[in-house]
Amino acid sequence: MSRDTNVHEIADGIYRISTPLPVDVAPGGFTFNQYLIADEEPLLFHTGPRRLFPRVRDAVARVLPPERLRWISFSHVEADECGSLNEWLAAAPQAAPLCGRVAALVSITDLADRPPRALGDGETLALGTRRVTWLDTPHVPHAWECGFLWESHTRTLLCGDLFTQGGNGLPALTEADILEPSEAFRRPMDYYSHARDGGRHLERLAGLEPATLSCMHGSAWRGDGGKLLRALADAIER
Ligand SMILES: [Fe+2]
Ligand SMILES: [Fe+2]
């Protein structure tokens, strides 16, 4: 299979940038995905790790000039989420980090070369036609500062590590089941914190009734997102 970083539009103006990784990273391979929202103020969700920066930058350039990026956003502080944040800030002079308040307070104000725009829980930012709302989900699936972005125009939930699927030959967008493959991946290496309020946070996400789930690892998914998120909550509690 091709090891090239690939780009697919998975919702109107939302592009999945995916780099397949070999089997030594995880059995069956793995993927690191970023999502580019192309609008008046373009936003990149997840930067990818530093070593992938040249490949992700070239992939963004297939959609729009990387220097046009306005927001570099991510769910929580890890290398695949924000490892190349400063490389992006250097490449895009107008760009600022965009994250939740906890990430800004605890890490990003110090780690990033420019100050972040910190969004409170439920706060919305207009990008042009598209709008993103930050949702705090502390410890779901992991990390105190964790949260997700909801894009209401396309009804897309940028859901980070939720529904992480192994493998490196998956389609960009699928309507097939991703819960069982993601549970199969989670079983030997449980990356969930199983925090007390986990079910409540997943129910809040389900209540948005997403039409598209933009997963960081594996295929993006289209279908009844509310139903799938409730099924995930059930699987986690079992
Ligand atoms: Fe993570
Ligand atoms: Fe991740």
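The model is predicted. The iron ion (ligand 1) and the iron ion (ligand 2) lie 3.9 Å apart, bridged by Asp 161. Helices α6 and α7 come within 8 Å of each other, axis to axis. Gln 34 is buried.

**Iron ion (ligand 1)**
- The protein donors are His 76 (NE2), Glu 78 (OE), His 142 (NE2) and Asp 161 (OD). They lie 1.9 to 2.2 Å from the ion.
- Along the chain, these donors follow the spacing H-x1-E-x63-H-x18-D.
- The 4 donor atoms give angles of 90 to 148°, and the site is irregular.
- His 142 and Asp 161 link distant parts of the chain, 19 residues apart. His 142 sits in the loop between β9 (131–136) and β10 (147–151). Asp 161 sits in the loop between β11 and β12.
- His 142 has 16% relative accessibility, so it counts as buried.

**Iron ion (ligand 2)**
- Asp 80 (OD), Asp 161 (OD), Met 216 (SD) and His 217 (NE2) are the protein donors. Their distances from the ion run from 2.1 to 2.5 Å.
- The sequence spacing of the donor residues is D-x80-D-x54-M-H.
- The arrangement is irregular because the 4 donor atoms subtend angles of 86 to 177°.
- Asp 161 and Met 216 also join distant parts of the chain, 55 residues apart. Asp 161 is in the loop between β11 (156–158) and β12 (173–174). Met 216 is in the loop between β13 (212–214) and β14 (220–222).

**The bridging residue**
- Asp 161 coordinates both iron ions.
- Its relative accessibility is 3%, so Asp 161 counts as buried. Met 216 is buried too.

**Helix pair α6 and α7**
- Helix α6 spans residues 198–206 and helix α7 spans residues 225–237. Their axes cross at roughly 170°. That angle makes α6 roughly antiparallel to α7.
- From α6, the contact uses Gly 199, Leu 202, Glu 203, Leu 205 and Ala 206. From α7, it uses Gly 226, Leu 229, Arg 230, Leu 232, Ala 233 and Glu 237.
- By type, the contact residues are 6 nonpolar, 2 polar and 3 charged.

**Gln 34 in strand β3**
- Gln 34 belongs to strand β3, residues 30–37.
- Gln 34 counts as buried because its relative accessibility is 0%.
- Beyond its neighbours within four places in sequence, Gln 34 contacts Tyr 15, Arg 16, Ile 17, Leu 44, Phe 45, His 46, Thr 47, Gly 48 and Val 56.

Definitions and conventions: Residues are numbered from 1 along each chain as its sequence is written. Chains are lettered from A and ligands numbered from 1 in the order in which they are written. This is a predicted model: local features need pLDDT of at least 70, side-chain atom pairs count only at pLDDT 80 or more; totals for chains, interfaces and linings use all residues. Side-chain values use heavy atoms; hydrogens and water are left out. Axes are lines fitted to C-alpha atoms, for helices over the stretch in contact, and angles run from 0 to 180 degrees between N-to-C directions. Helices (H or I, at least four residues) and strands (E, at least two) are DSSP runs, numbered from the N terminus. Angles under 35 degrees count as roughly parallel, over 145 as roughly antiparallel, 65 to 115 as roughly perpendicular and the rest as oblique. Contact means heavy atoms within 4.5 Å. Ala, Val, Leu, Ile, Met, Phe, Trp, Tyr, Cys and Pro count as nonpolar, Asp, Glu, Lys and Arg as charged, and the others, Gly among them, as polar. Donors are N, O and S atoms within 2.8 Å of the metal (3.2 Å for Na, K and Ca); water is not among the atoms, so sites may look incomplete. Four donors count as tetrahedral if all angles lie between 85 and 135 degrees; four count as square planar and six as octahedral if opposite donors are over 155 degrees apart and all others between 65 and 115; anything else is irregular. Buried means under 20% relative accessible area, exposed over 50%, partly exposed in between (1.4 Å probe, protein chains only).
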